[in-house]
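Hi everyone, thanks for coming. Please have a look at the structure on the screen, and then I'll walk you through a few places in it.

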Amino acid sequence: MDDMKEPGRHRRGPLLITAGVLLVAAISTVGALGLGGGGSGDARDPDRNGRLVQVSRETLTDRTEIDGQLGHGPEVPFPVKAQGTITWLPASGTTARRGEQVLRVDDRPVVLLYGSLPMYRDLGLRQTADGAGARSGGGSGSGGGSGGGSRADSGTYAGADAGDSGGSSGGPDAAGQPASHAPQRPVPLHGMDVKQFESNLSALGYSGFTVDDSYTELTAAAVERWQKDLGLPQTGTVDAGSVVYAPGAVRIAGTSARVGAEATGTPVTYTTTSRMVTVNAKATETRWAQRGTTVSVELPDGRSVPGTVASVGKDAAAPESGSGEGGAPAGGGEGGGNPAATVAVVIVFGDQASLGRLQSGPVTVRYAVKQRRNVLAVPVAALVALAEGGYGLEVSGEDSGEGDREGGTGDGASHGFVPVRTGLFAGGKVEVSGPLVREGMKVRVPE
């Protein structure tokens with residue numbers, strides 16, 4: 001009978017051993033998670049894997065990134081008024097400065113000057129009959145005529161009186177003689193466009209006149225010298241088609257015409273000479289894009305440089321791929337708008353040299369969403385989920401607060417879990433706080 005029972009005993013032995021192993025493993029797991037140990041846990045395991053790090057005090061910044069494009073900003077067309085055949089065009093990427101030509105029409109240069117007013121009329125002296133009472137400004141003259149001198153309709157002589165007595169009627173002058181036989185005298189042209197032009201003429205090194213809003217005989221004399229240097233007929237009059245204005249030096253962006261074509265439309269476009277970044281930000285996510293906001297721009301070569309938001313577009317545009325039937329934006333239900341719509345944000349750089357030789361390319365723009373200064377922080381991986389809820393840190397050695405009281409050696413073998421409150425997560429770290437957390441204490445990062 002004993003022989004009959006022996007096999008049964010041998011079968012029960014392995015089962016009991018297996019159950020014991022599982023129980024020990026479960027207890028170890030509970031201790032590692034701080035289950036039942038509250039904030040002070042007393043589990044000790046000198047062979048625990050991980051590395052020790054210190055709780056540090058620092059500034060945490062949560063950053064978001066968005067794609068952008070490095071370039072020279074939007075292209076602007078030159079308002080070319082010259083008529084004729086294009087005989088020369090500049091190369092794309094070249095820089096044009098004050099006094100330099102941006103194209104040639106009928107082999108005559110169209111010159112770049114600096115200013116905000118467009119060249120909307122010819123600048124020159126008007127010859128009028130002596131004693132005709134010509135004056136600056138528009139309106140009807142003392143003689144009551146509404147006609148005015150030649151080319152008055154086109155605004156060529158907009159600064160002179162358009163209704164000089166007998167100016168275009170062929171009637172007698174004040175002495176009773178036909179107007180065509182009366183002595184002629186030049187009449188100055190007035191206007192802010194005159195002052196803008198004279199400022200440029202002076203900046204180019206021409207003198208002998210006063211920079212003001214009056215185009216006088218002295219101005220005309222300086223213009224003749226300028227025209228001589230350009231190889232133009234010395235008329236003393238600046239034709240509206242011979243000058244274009246821009247805010248400053250420009251970079252030639254491209255040409256839409258060829259040499260030999262008629263000078264119509266906008267044959268030449270330009271950009272600024274400064275490099276900038278354009279970001280198409282989602283219209284619903286532009287709170288960060290405030291003028292003056294500082295951002296970090298990662299360049300194609302891996303370097304990061306600071307930039308500043310210069311402008312934010314006021315009009316949202318849907319991406320080309322997001323158009324529905326009939327050109328309607330896709331995904332924008334009735335009254336719901338289009339979540340894919342974007343707004344152009346322009347970012348400029350205070351130090352162009354920091355960009356190196358790069359002229360264009362894709363970039364990554366990073367901006368701070370949230371920031372917490374002077375807070376305690378640890379790697380996110382150091383957080384341990386506690387059974388009672390929330391998170392804790394595994395404090396090792398003398399920092400456990402339990403080693404001396406419960407037999408700890410203070411040599412890093414003892415450890416415990418302290419609860420913490422979490423704050424901002426950023427850059428792989430997390431803000432922590434709590435009554436048992438202090439700067440410099442050592443915590444374990446499990447591996």
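Let's start with His72. Leaving aside neighbours within four places in sequence, His72 is in contact with Arg251, Thr271, Thr272, Thr273, Ser274, Arg275, Met276 and Gln359, where contact means heavy atoms within 4.5 Å. Before I go on, a word on the source: this is a predicted model, in which local features need pLDDT of at least 70 and side-chain atom pairs count only at pLDDT 80 or more, while totals for chains, interfaces and linings use all residues. Residues are numbered from 1 along each chain as its sequence is written, and side-chain values use heavy atoms, with hydrogens and water left out.

Where does His72 sit? Its place is the loop between strand S2 (56-71) and strand S3 (76-77). Helices (H or I, at least four residues) and strands (E, at least two) are DSSP runs, numbered from the N terminus. Is His72 buried or exposed? His72 counts as buried, because its relative accessibility is 7%; buried means under 20% relative accessible area, exposed over 50%, and partly exposed in between, with a 1.4 Å probe and protein chains only.

Next comes Arg104, in strand S6 (residues 101-105). Arg104 is buried too, because its relative accessible area is 19%. Its side chain makes a polar contact of 2.9 Å with the side chain of Gln101, and it reaches the backbone oxygen of Asp107 at 2.5 Å. Not counting residues up to four places away in sequence, Arg104 touches Thr85, Ile86, Thr87, Trp88 and Pro109.

Now find Tyr114, in strand S7 (residues 108-114). Tyr114 and Tyr245 are 131 residues apart along the chain, yet their C-alpha atoms are separated by 5.3 Å. Beyond four places in sequence, Tyr114 touches several residues, including Arg97, Gln196, Tyr245 and Ala249. A polar atom of the Tyr114 side chain lies 3.4 Å from the backbone nitrogen of Ala249.

To finish, which residues join helices H2 and H3? The contact is made by Phe197, Glu198 and Leu201 of H2 and Thr219, Ala222, Val223 and Trp226 of H3.

Technical notes: Polar contact = N/O pair within 3.5 Å; in protein donor to acceptor, adjacent residues only side chain to side chain.
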